[in-house]
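Have the coordinates open in your viewer for this one.

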Amino acid sequence: MWAYTVRRLLYAVPILLGVSMLVFALIHLAPGDVVDLLVPPEVPREIADSLRHRFALDQPLHIQYLAWLGRLLVGDLGISFFTNRPVSDELFGALGNTLVLAVPAALLGFGLGTLLGALAAFNRGTGLDKLFSATAITGVSLPHYWVGIVLVAVFAVVLNALPAQGMGPAGIPTSWEQIQHLILPVVTLSLIPMGVVSRLVRANVLEILSQEFVGALDAKGLLRRRVLYHVMKNAAPSTLALMGLQLGYLLAGSILIETVFNWPGSGGLMNLAIFRRDIPVLSATILVLATIFVAINILVDVLQALIDPRMRR
Amino acid sequence: MTEVPALTITEPSQATRRAQQGKGYWQRVWERLQRDKVTLAMAAILALLLVMVVFPAWFTVHDPYQASVLHRLKPVGYPGHWLGTDEVGRDLWSRMVYGGRLSLVAGVLPVFLAFLIGGFLGILAGYAGGLINTVIMRLVDVLYAFPSILLAIAITGILGSGLKNTILALTIAFVPPLVRISEAVTAQARHLDFVEAARASGAGIFRILYYHILNNVLGPILVYATSLISVGIILAAGLSFLGLGVTPPNPEWGLMLNNLRQALWVDPVVAALPGVMIFITSMCFNLLSDGLRQAMDVRL
Amino acid sequence: MTPLLVVDGLTKHFPLRSGLFKRSSAVVQAVDNVSFEVNAGETLGIVGESGCGKSTTARLLMHLVPADHGTIVFGGTPVGASSRRVLYRQMQMVFQDSYASLNPRLPVAMSIAFGPLVHGIAGPAARARAMDLLQAVGLDPALFASRYPHELSGGQRQRVNVARALALEPRLLILDEAVSALDKSIEAQVLNLLIDLKARFDLTYIFISHDLNVVRFISDRVMVMYLGKIVELGPVDRIYRHPKHPYTTALLSAVPSMDPRRRTVKAPLSGDPPNPINPPSGCRFRTRCPFAEPICQEVSPVLNMVEDGGAVACHMLMPGSGHTRA
């Protein structure tokens, strides 16, 4: 078990290195460089070049990469082009805001998803199940950012019941003033995890129900509820794995919803950085989000190996 | 024992012989597809969409780039503009039809390219095993460290927006899952007895791949690729929505959604309309892909 | 007359990996120092329980698996990894699973014609040969050529597999449990077909099976394997009437009999079959052998010629080995 965990962690190192190399390569493939962005074009070449030398931009690429990597590892994520403040200042605050969205969305999506999936599985073949299948396929075809827009149109514009944008007062949402800003984006965000989880739960529960040992349990006269418990226990490992992945997607891929709702999270930060061509902020955010995603993946793998011994390789 | 009359073996008739001719796998898939009403309907809708997109002038009256200050944000049903106008007065219906071209290309082409690249790499990795497999799969793992949208944003955000970069970004985002599935099915097929028997005939790698691996492996890969098309369309529109995809003033569904966001307060219906096209197209491809999967799931 | 196939010292060990860095922690000794000969025109039967190494030996002969040690000489020419293509025109194999052995997407005539195509025979000629072979195995080409594997019964598929193996005109055919999965009546038909084909095409067979009755029916000589080693070898009648190795004796007495006088009450073999991962030292059969003695633990017995034909690897039959019964 521990061998597996250590192996998994060790394996993440080359992956993260690869990720950093990819981002670095992208930065250097971008048209123009730092100096072009900092100084007006009329400035004579010698001055621009001396600036390049000061920023160590004339060093060979692998030296620049190692220097950049070194700075990253001590936590120096660079300075924003736009605000001239360290990226880390804004980034971790923004991440916190994304968490405020992602966690409730995950809970809502997983909870409702499990419920709906299990219901559909236990009522297989009935109208309820068919409705579920129709909803599932609709859900997968819907662009979630569009759903966000539609929800805003209905609840904010037409009904004027909920705010259309923004986060409201900062901090952990406890007051209605904060919560009302949460409702629409959380619901929108929860749609995809809900759809994915419900489909998997339905498939897993169906598979387990069809296995013979459930028939044996039933034959022993076990109460429906006890059977349910056994079924859920067996469906748990792969479902939990999927939930972990979905959480990762919520944290790292929330940019579209945050754009719709003008939410000041990591996605919103990226959006702003794109608009301002603020490469340091953009690249640092991408790196941090990818790292978080990798970390969640590792956690999911280890948890899965813990629960289900068959998964350990 | 009583005499048992000798059995007369008669020659089967021509009809029986033809009936006994083998039905190939792809033939049976095609027959099942033809009987699936839903899939046929989807194919018909998509065919219509394709025609509309290739020959937009047949279906529209106005120029999609023609702005008009007087006719900004007219609602649905306005005379002359049956779906209203956008925030600078361009006819919405025309923009949706012309926009389909860019949206579809940005959504479908990356999947097709990723199918070719990813399929090739995956089959190679699955069949060759060993070092080649390790190298390819580890590279794919690095790409997998990003959720697709993040990867697409990384590429278009840093390298710049535009149709070409969108297609590049989405292709790169779709290659990893296609490599994974190709590798998985190929590695599985490789251990089947008939592949071993083919090797025991002395066949070289290319002949084995062509005669024995490919026709057993392409089915699942194709089904998976078609299921990615709807994701591609949503993602491509999403990138434009963020300002990273197609650039203004080109019509494109995601871009239109973004531009019309301010209009939400004036005319919410018009503002939401471009999303309907994304939804319908995505849904059609999803159902088509499902139908294909069911047709291919022929129990032999 | 030189034998058609000479195998010397064939060995294959599979490492098992586990632990932090997937180090090789144990080794499955699948085939260990196996040597035997096959004469042209005969049928050599190979018997043994599951895990004794019969199928691995077959795959080693066909070079589908690389051997760790040992030499294979076919028709006087040593066979190496590079001469595999040439080998496949001399030696072919029929696998056990008739369904998995055929590409489900190809018509059976195409599966048969594939081998000749690979070796440079033109399309129409290859197809014609496939048709002839279908006829030879008892399947009407007009009815069966364009059929797919799922449209055939098990026996018919196995006939196709035999046809496919014969397409390259080999001299030696390895039949790895080729009839084991078939119903008894079909099995009989296919066995008779094999005997006919052998005479017709002047073939040599290596017939691998765990079914002792079938092996007796078809073989000229029999080789008994246990845990990767050969324990006994000899003419079929001698083996079945006067088995010399305790394992062979036990194996034969385990065969259910219709004759009430020959039925036994006590199980002939005691103990569990040992793990091929950690085979017993010395003689591998000693843990289940009623005659085991300390010498059996220390020294591994080698194959020794016996008067009435063949060879046995047992200390009891080797004078001067240290066993009290030698």
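In chain B, 70% of the contacts with a separation of 6 or more are between residues 24 or more positions apart. Keep in mind that this is a predicted model.

What is chain B built from? It has 11 helices and 0 strands, and reading along the sequence gives you α-α-α-α-α-α-α-α-α-α-α. Its radius of gyration comes out at 26 Å, whereas the globule rule gives 19 Å for 300 residues, so chain B is more spread out than a compact globule. You can check that against the C-alpha trace, which spans about 105 × 50 × 30 Å along its principal axes. As for burial, 48% of the 300 residues in chain B count as buried.

Now turn to where chain B touches chain C. The contact takes 23 residues from chain B and 28 residues from chain C. On the chain B side, three helices each supply at least two residues: helix 1 (14-20), helix 8 (193-199) and helix 9 (205-241). Which of them gives the largest share? That's helix 8 of chain B, with 6 residues. Sort this side of the contact by class and you get 9 nonpolar, 9 polar and 5 charged residues.

Next, the backbone details. Staying in chain B, look at the bond between B:Pro248 and B:Pro249: the peptide there is cis, with omega about 5°. To find the spot, go to the loop between helix 9 and helix 10 (253-259) of chain B, where B:Pro249 sits.

Over in chain C, there are a couple of phi angles to look up. C:Asn33 has a positive phi of about 55°, although it is not a glycine. This residue is found in strand 2 (residues 23-38) of chain C. Is C:Asn33 buried or partly exposed? A residue needs 20 or more other C-beta atoms within 10 Å to count as buried; C:Asn33 has 17, so it is partly exposed.

C:Leu227 also isn't a glycine, and its phi is positive too, near 50°. Look for C:Leu227 in the loop between strand 9 (221-226) and strand 10 (229-235) of chain C.

Key
Residues are numbered from 1 along each chain as its sequence is written. Chains are lettered from A and ligands numbered from 1 in the order in which they are written. This is a predicted model: local features need pLDDT of at least 70, side-chain atom pairs count only at pLDDT 80 or more; totals for chains, interfaces and linings use all residues. Two residues are in contact if their C-beta atoms, placed from the backbone, lie within 7 Å. Helices (H or I, at least four residues) and strands (E, at least two) are DSSP runs, numbered from the N terminus. Ala, Val, Leu, Ile, Met, Phe, Trp, Tyr, Cys and Pro count as nonpolar, Asp, Glu, Lys and Arg as charged, and the others, Gly among them, as polar. The radius of gyration is taken over C-alpha atoms; the globule rule is 2.2 Å times the number of residues to the power 0.38. A residue is buried if 20 or more other C-beta atoms lie within 10 Å of its own, exposed if 12 or fewer, and partly exposed in between; C-beta atoms are placed from the backbone.
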